[in-house]
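Please look over the structure shown below before reading the briefing that follows. The notes are grouped by topic and meant for someone meeting this structure for the first time.

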Amino acid sequence: MNQPPITTASGIPVADNQNSLSAGPRGPLLLQDFHLLEKLQHFNRERIPERVVHAKGSGAYGTFTVTHDITRFTKAKLFAAVGKQTDTFVRFSTVGGEKGSADTERDPRGFAMRFYTEDGNWDLVGNNTPMFFIKDGIKFPDFIHTQKRDPQTNLKSPTMMFDFWSRTPESLHQVTMLFSDRGTPDGYRHMDGFGSHTFSLINDAGERVYCKWHFKTQQGIKNLPAAEAMRIAGEDPDYAQRDLFGAIAGGDFPRWDVHLQVATEAELAAWEERTGWNPFDLTKVWPHADFPLIPVGVFELNRNPLNYHAEVEQAALSPSNVVPGLGYSPDKMLQARLFAYHDAQLYRVGVNHQHLPVNAPRCPFHNQQRDGAMAIANGGAAPNYQPVDSNGSNPQGMGHGEPGLALHGAAGRYDGRGKEDDYTQAGNLFRLMPAQEKQNLFDNISGPLSQVSAEIIERQLGHFDQADPAYGAGVRAALKARGVQLG
């Protein structure tokens with residue numbers, strides 16, 4: 001393979017890339033060998049901090065194509081016409097493991113999508129599950145700590161996990177999904193994706209509706225049996241990366257059908273009155289019978305990155321990136337993520353991470369942000385401030401023409417735990433499972449649960465019982481089969 005001549009990072013030709021400068025053939029090395037120093041210094045700094053969550057991931061580029069008209073709901077330009085295409089990027093990931101962990105571990109999967117629109121980047125940063133473990137972002141660091149390593153033993157700890165879950169009934173819906181067959185998807189191509197949170201859409205008239213995003217795999221749902229997932233983790237820990245890259249390289253482009261659930265604020269209020277479920281609670285879903293799926297388009301992945309570090313490791317997505325016609329909701333977890341994700345990238349990649357090609361918008365952008373490390377697009381001689389309009393700017397709505405959001409109640413800390421229904425939807429999910437999947441659920445849960453104290457076991461079993469008596473009974477039987485003595 002013909003390669004261009006080696007140079008330093010400053011472009012200076014390197015005379016010898018094989019031998020260091022030394023004082024004689026066996027003597028000590030010379031400090032003046034800048035090429036040696038530069039190589040070693042850069043090598044020591046090659047790793048940027050890995051993500052605290054979603055550290056192990058895979059990425060690809062593709063397109064989103066509109067197949068159905070939703071302009072009655074949103075003025076976002078990427079949905080302006082049937083047939084319109086928008087370039088995209090996706091990063092799939094596991095959640096709890098480190099960067100070198102196995103792709104087949106029992107874990108939710110990140111499903112983070114970027115749409116390079118003419119109005120800037122829209123990032124839909126979701127998972128392969130429509131719900132999550134907690135409903136308030138103030139508990140997120142605590143929860144993730146339980147999924148990491150015990151600070152004393154540096155080992156993964158079922159005790160930490162189930163102690164947290166057993167004291168957090170709101171987690172039961174996601175725990176049920178996690179320990180079902182869908183907790184170990186067969187790669188990334190055979191799983192669905194969800195925005196998970198409740199978001200909003202704004203149309204040309206300034207009207208808002210709330211929505212949930214769904215990405216249904218055209219490849220079909222395919223999961224790995226627990227034993228098979230464990231075997232692959234030992235033999236091919238990069239299984240999902242290999243599968244995704246190989247499929248795209250071979251022209252077998254994965255595709256997902258994009259759907260929406262849509263509801264007005266009045267419809268959600270009536271639904272909450274009837275069910276008792278907060279429509280902005282991330283531990284809940286909107287049943288399809290109440291809010292049917294509306295087809296929107298097709299999402300296809302058709303190009304692999306050329307450089308993993310530059311295009312996948314440095315990819316920095318944030319749910320705060322929404323374009324005109326799209327908006328947020330009062331979802332407390334979403335509100336916390338609007339700050340946390342961008343802040344994480346400022347620390348991990350740098351204050352100018354949006355200048356990198358994978359993160360840069362593909363439309364003109366102008367602001368007064370200046371300087372900092374790696375300021376690739378620094379504004380040149382343009383003014384670095386915008387003067388105040390002495391007549392007032394006359395802002396319309398909250399932003400992007402979105403109408404103001406009605407607020408209810410005094411500012412304060414509100415705790416609905418112990419008063420809200422955290423069991424019905426988890427029970428509904430359990431009751432949807434065929435008999436064999438239920439048995440798999442019991443077996444999958446009983447493994448780590450058998451390793452914790454009797455107190456935690458009894459507390460967790462109580463939650464299973466409230467979701468469905470058969471749920472609790474099944475886990476008890478699986479625990480007894482493992483030799484666990486129950487009170």
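Asparagine 154 counts as partly exposed, because its relative accessibility is 49% and the terms are set so that buried means under 20% relative accessible area, exposed over 50%, and partly exposed in between, with a 1.4 Å probe and protein chains only. The structure is a predicted model, in which local features need pLDDT of at least 70 and side-chain atom pairs count only at pLDDT 80 or more, while totals for chains, interfaces and linings use all residues. Residues are numbered from 1 along each chain as its sequence is written, and side-chain values use heavy atoms, with hydrogens and water left out.

**Positive phi values**

- Asparagine 154 lies in the loop between helix H2 (140-147) and helix H3 (158-166), where helices (H or I, at least four residues) and strands (E, at least two) are DSSP runs numbered from the N terminus.
- The phi of asparagine 154 is near 60°, a positive value in a residue other than glycine.
- Serine 196, placed in the loop between strand E5 (193-194) and strand E6 (199-202), also has a positive phi, near 70°.
- Serine 196 counts as buried because its relative accessibility is 8%.
- As background, most residues other than glycine have a negative phi.

**Annotated active site**

- In an unreviewed entry, UniProt places the feature "active site" at His54 and Asn127; UniProt positions are given in the numbering used here, feature names are shortened, and annotations may be inferred rather than shown by experiment.
- These positions are spread over 74 residues of sequence, yet they cluster in space, with a largest C-alpha distance of 10.4 Å.
- Histidine 54 is found in the loop between helix H1 (34-44) and strand E1 (57-66), and it is buried, with a relative accessible area of 14%.
- Beyond residues up to four places away in sequence, histidine 54 touches Arg91, Ser93, Thr94, Val95, Gly110, Asn127 and Tyr341, contact meaning heavy atoms within 4.5 Å.
- Asparagine 127 lies in strand E4 (residues 120-127) and counts as buried at 11% relative accessibility.
- Leaving aside neighbours within four places in sequence, the contacts of asparagine 127 include His54, Gly110, Asp192, Phe194 and Ser196.

**Annotated binding site**

- For "binding site", UniProt lists Tyr341, again in an unreviewed entry.
- Tyrosine 341 has its place in helix H9 and counts as buried, at 18% relative accessibility.
- Not counting residues up to four places away in sequence, tyrosine 341 touches His54, Val125, Leu317, Ser318 and Pro319.

**Strand pairing**

- Strand E2 (residues 85-94) is mostly covered, with 8 of its 10 residues buried.
- E1 and E2 pair in the antiparallel sense over 9 bridges, two strands being paired if DSSP finds at least two bridges between them.
- E2 is also joined to strand E3 (residues 109-117) by 8 bridges, and these strands run antiparallel.
- Serine 93 in E2 stands opposite glycine 57, and serine 93 also stands opposite glycine 110 in E3.

**Annotated domain**

- UniProt places the feature "domain: Catalase core" at residues 7-394, in an unreviewed entry.
- Over residues 7-394 the chain is 23% helix and 19% strand, and the end C-alpha atoms are 55 Å apart.

- On a 1 Å grid over the protein atoms alone, a cavity is a set of points where a 1.4 Å probe fits but cannot get out, a pocket is an open set with protein on both sides within 12 Å along at least five of seven lines, and lining residues have an atom within 4 Å of a point.
- A search of the whole structure finds 3 cavities of 30 Å³ or more, and the largest cavity has a volume of about 60 Å³, a volume being the space filled by probe spheres set on the grid points, which are joined across faces, edges and corners.
- Among the residues that line the largest cavity are Asn128, Arg182, His190, Asp192 and Phe194.
- The largest pocket holds about 1200 Å³ of space and is lined by 35 residues, of which Asn278, Phe280, Pro330, Lys332 and His408 lie nearest its centre.
- Helix H7 (265-275) and helix H9 (332-348) each supply at least two residues of the lining of the largest pocket, and the largest share, 4 residues, comes from H7.
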